[in-house]
Amino acid sequence: MIRPADHELFRRRIEGAGDVVLVTHINPDGDALGSQFGLAAFLLERGARVRIVNHDPTPELLSFIADPVVPVELYDSTTHDALLASVPTIVLLDNSAPDRLGRMERPMVAAAERTLCIDHHPMRDAPWAETIVDVGSCATAAMVWELTRPFDWTPSARAADAIYVGLATDTGFFRYNSTSSRAHRVAADLLALGVRPARIFRQIYERNSVAFTRLLGHALAGLRLNDAATVASVLIDRELLERLDAEHEDTTEITTTLLALDGVRIVLLFRELAGGGRVKVSLRSKGEIDVHALATEFGGGGHRNASGIVMEGALDEVARIVGARADALAAAHDPPAGGR
Ligand SMILES: [Mn+2]
């Protein structure tokens, strides 16, 4: 919940703000960018001069919410360190952890006393002078929407789209556990302003390449299941990636598809990296099963339900080793009936 004190803090920092820089985490996603573009539009209308400085470029799929008035500047220490060292107001969105700022960590920590952090993740090692953190919120973009309500701001179509994109992508289009009545209330506000969910969905989720679709087909055709049918694995080798010209395709959707299999508790995707001898393992799980713990056994990291590892070794060998641990984890959590 956003408390009255949060609204007051927001008003105090925003009222009469002149120069403002908006920053978010590395590899910005729909919520990171949606909250940046939404807040930028709000601030511009109130007369602020706004710049967005990001560590990584905006993914092509999300470029439709970019604000042409506030182009995203890619962080460059030679120009932006001086800016961060002097600008009176910095707003850090969708992240409080310094180690998720990449090369911007040092100049941002140095500017902590002028930084307002707005985020919905649990706070971690946060040095920021002021924070509005609401772990009960489904998206930072939803917080931006709620924080701007007392100002009677009517966003442009593009800004409304941006905020909706943050909300929709962080809730998996209103499917994840984080989807609350509050999330739907914000969505209802935005739909009343003209946001069209079908169009947003199409822009983000219905633009797969032919290379990705063929990769998905091969991956699904090669599906491996353990005896209990609780662990689903796919292996993607160099030959396949090169033949399909699919080196740069995002494989997240492959693991999502496999997780939809009835009875499957853990999904493992093994991808042989360029140069050979190293394998990227993507781990996903349902419910209480903690693949983060499994990933850390092999030097990886992430979250309870989604983690990753990069391991030395041949593809089959890595799949055998990690697969055996995943089998044990799935069995320990929920032993299959009948002692199969
Ligand atoms: Mn978020």
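**Notes on the sheet and its helices**

1. Strand E1 (residues 19-23) and strand E2 (residues 49-54) run parallel and are joined by four bridges. Strands here are DSSP runs of E with at least two residues, helices are runs of H or I with at least four, and both are numbered from the N terminus.

2. Before going on, remember that this is a predicted model: local features need pLDDT of at least 70, side-chain atom pairs count only at pLDDT 80 or more, and totals for chains, interfaces and linings use all residues. Residue numbers start from 1 along each chain as its sequence is written.

3. Now zoom out to the open sheet of six strands, ordered E3-E2-E1-E4-E5-E6 with parallel pairing. Two strands pair if DSSP finds at least two bridges between them. At the edges sit strand E3 (72-74) and strand E6 (130-133), each pairing on one side only.

4. Next, the helices. Helix H2 (residues 30-45) packs with helix H6 (residues 157-170) at an angle of about 155°, their axes 7 Å apart. H2 is therefore roughly antiparallel to H6 (the label for angles over 145 degrees). Axes are lines fitted to C-alpha atoms, for helices over the stretch in contact, and angles run from 0 to 180 degrees between N-to-C directions.

5. Who touches whom between H5 and H6? Thr140, Ala141, Ala142, Val144 and Trp145 of H5 meet Ile163, Gly166 and Leu167 of H6. Contact means C-beta atoms, placed from the backbone, within 7 Å.

Methods: Angles under 35 degrees count as roughly parallel, over 145 as roughly antiparallel, 65 to 115 as roughly perpendicular and the rest as oblique. Two residues are in contact if their C-beta atoms, placed from the backbone, lie within 7 Å.
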